[in-house]
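Reader: Please pick one part of this structure and go through it closely, then place it in its surroundings. Give the cut-off for each term when it comes up.

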Amino acid sequence: MKPFLEVKNLTVSFPTEDGLVRASNDVSFTVARGETLAVVGESGSGKSVTSLAVMGLHSRRSANISGQAILHLPTGPMDTISATPEAVRKLRGKSMAMIFQDPMSALHPYYSIGDQIAEAWALYNKGSKADGIRRATEMLELVGIPEPGKRVREFPHQFSGGMRQRVMIAMALVNNPSLLIADEPTTALDVTVQSQILKLLKDMQKEFNMAVILITHDLGVVAEVADRVCVMYAGKIVEQAEINDIYYKPDHPYTIGLLNSIPRVDQLEGRRLQAIPGQPPSLISLPKGCAFRSRCSFSEQVPDNRCATEVPDLNEKLEGHFSRCHLTETQLTRARSLAGSK
Ligand SMILES: Nc1ncnc2c1ncn2[C@@H]1O[C@H](COP(=O)(O)OP(=O)(O)OP(=O)(O)O)[C@@H](O)[C@H]1O
Ligand code: SF4
Ligand SMILES: [Mg+2]
């Protein structure tokens, strides 16, 4: 499948008083139209920082950014990292749109929902205010908000969490974007509402033939909707594969740990990843070897103390299945079976 977005060696760091925070570290992935890529990882692993960089939303004064994020537009490729802020601004909303992690901070409390969606529509369409409100009403209907003609005049605080998330989806999709980045779109929603929102996203993806990046730390979410998964740890991708390979042949001890926290694969829906014992390392002083070593129960199986001294590369161990770990295939098989037997 020809990618719509191609992220290559994307690195984002923030100079701070305490040192350089390496939030996103040499990240590469692709996503095609009609495809959903899930980006999974614990809090602080760099999921939002990576996607905000693709969207051109980091201040160049506070972030150092290198690498590429190429959108393959009908007019030709465009790298959102090296393009001017003005050029990237013109892509937002239409070529790429984002649903932000916190819907309340993304919606303005003093403007009606209709006004806010109409304003997003007016960025790319000519028409009267009434046309914008009509379009907003259509969008609310499309995302399953009852009585859209009435609700379009209401304000964010009058919507429940699930309904607000639908509003965010309506607003992000109002200009038929080619790429949608959904950052934790179902966090803080109850399980039934979560699965309704995910189904809605899936339906919308089909309707608009979008490339979708779904950021989450919820494996249930991944099982329902993703085609491929990137697992991130301490700013780096540690495993990348098709969804079934992630579930049935995980290649990285971190992914194995994440899966192991879920008792039964056929009961994934709605379950949260339980924390793996220990903490990720500081992004200011990353360890010399593997960043996962202090939490990894398999490091002693790797000879010559390599886990402590050598950063593992992200290797393609099987076709389309990448993993960043020194363990051999035989050791991994053992790790998987040990994890499965716990
Ligand atoms: N502007 C900034 N200045 C300094 N550090 C930052 C800045 N923005 C993010 N970070 C740090 O970068 C790291 C990655 O943050 P990011 O928001 O991408 O995590 P995340 O994976 O989205 O986590 P969560 O699941 O909690 O949303 C964190 O340690 C965060 O504190
Ligand atoms: S490289 Fe070593 S420490 Fe890192 S995940 Fe693999 S076995 Fe564990
Ligand atoms: Mg985040």
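Author: Helices are DSSP runs of H or I with at least four residues, strands are DSSP runs of E with at least two, and both are numbered from the N terminus. The model is predicted, so local features need pLDDT of at least 70 and side-chain atom pairs count only at pLDDT 80 or more, while totals for chains, interfaces and linings use all residues. Residues are numbered from 1 along each chain as its sequence is written, and chains are lettered from A and ligands numbered from 1 in the order in which they are written.

The part to look at is helix α4 and its partner α5. By an automatic or database domain assignment, the protein chain is divided into domain 1 (1-95 + 178-275) and domain 2 (107-176). Helix α4 covers residues 113-122 and helix α5 covers residues 129-142.

Their axes come within 8 Å and cross at roughly 110 degrees; axes are lines fitted to C-alpha atoms, for helices over the stretch in contact, and angles run from 0 to 180 degrees between N-to-C directions. The two helices are therefore roughly perpendicular to each other, on a scale where angles under 35 degrees count as roughly parallel, over 145 as roughly antiparallel, 65 to 115 as roughly perpendicular and the rest as oblique. On the α4 side, the contact is made by Gly-114, Ile-117, Ala-118, Trp-121 and Ala-122. The α5 side brings Lys-129, Gly-132, Ile-133, Arg-135, Ala-136 and Met-139. Contact requires two C-beta atoms, placed from the backbone, to lie within 7 Å. By class, this contact of α4 with α5 has 7 nonpolar, 2 polar and 2 charged residues, where Ala, Val, Leu, Ile, Met, Phe, Trp, Tyr, Cys and Pro count as nonpolar, Asp, Glu, Lys and Arg as charged, and the others, Gly among them, as polar.

Helix α4 is largely enclosed by the rest of the structure, because 7 of its 10 residues are buried. A residue is buried if 20 or more other C-beta atoms lie within 10 Å of its own, exposed if 12 or fewer, and partly exposed in between, with C-beta atoms placed from the backbone. The buried residues of α4 are Ile-113, Gly-114, Gln-116, Ile-117, Ala-118, Ala-120 and Trp-121. They pack against α5, α6 (148-151) and α7 (161-173).

Next comes the relation between the domains. Taken over C-alpha atoms, the centres of domain 1 and domain 2 are separated by 25 Å. Their contact takes 12 residues from domain 1 and 14 residues from domain 2. Helix α8 (residues 191-208) contributes 6 residues, the largest share of the side of domain 1 that touches domain 2. That side has 10 nonpolar, 1 polar and 1 charged residues.

Met-210 has 25 other C-beta atoms within 10 Å and is buried. Leaving out residues up to four places away in sequence, Met-210 touches Arg-33, Pro-177, Ser-178, Leu-179, Leu-180 and Gln-205. The C-alpha atoms of Met-210 and Ala-32 are separated by 8.1 Å, although these residues are 178 places apart along the chain.

Ala-38, in strand β3 (residues 36-40), is also buried, with 25 other C-beta atoms within 10 Å. Apart from neighbours within four places in sequence, Ala-38 is in contact with Leu-214, Thr-216, Val-222, Ala-226 and Val-229.

Helix α11 (residues 253-260) is mostly covered, with 6 of its 8 residues buried. Those residues are Pro-253, Tyr-254, Thr-255, Ile-256, Gly-257 and Leu-258. The loop between α11 and α12 (306-309) contains Asp-304, which has 9 C-beta neighbours inside 10 Å and counts as exposed. Asp-304 has a phi near 60 degrees, a positive value in a residue other than glycine.

Two ligands complete the surroundings; a residue is near a molecule if its C-beta atom, placed from the backbone, lies within 6 Å of it. Ligand 1 has 16 residues around it, and Phe-14, Ala-23, Ser-43, Ser-48 and Val-49 come nearest. In this shell, α1 gives the most, with 3 residues. The shell has 5 nonpolar, 10 polar and 1 charged residues. Ligand 2 is surrounded by 14 residues, the closest being Cys-290, Cys-296, Ser-299, Cys-307 and Cys-325. The shell around ligand 2 divides into 10 nonpolar, 3 polar and 1 charged.
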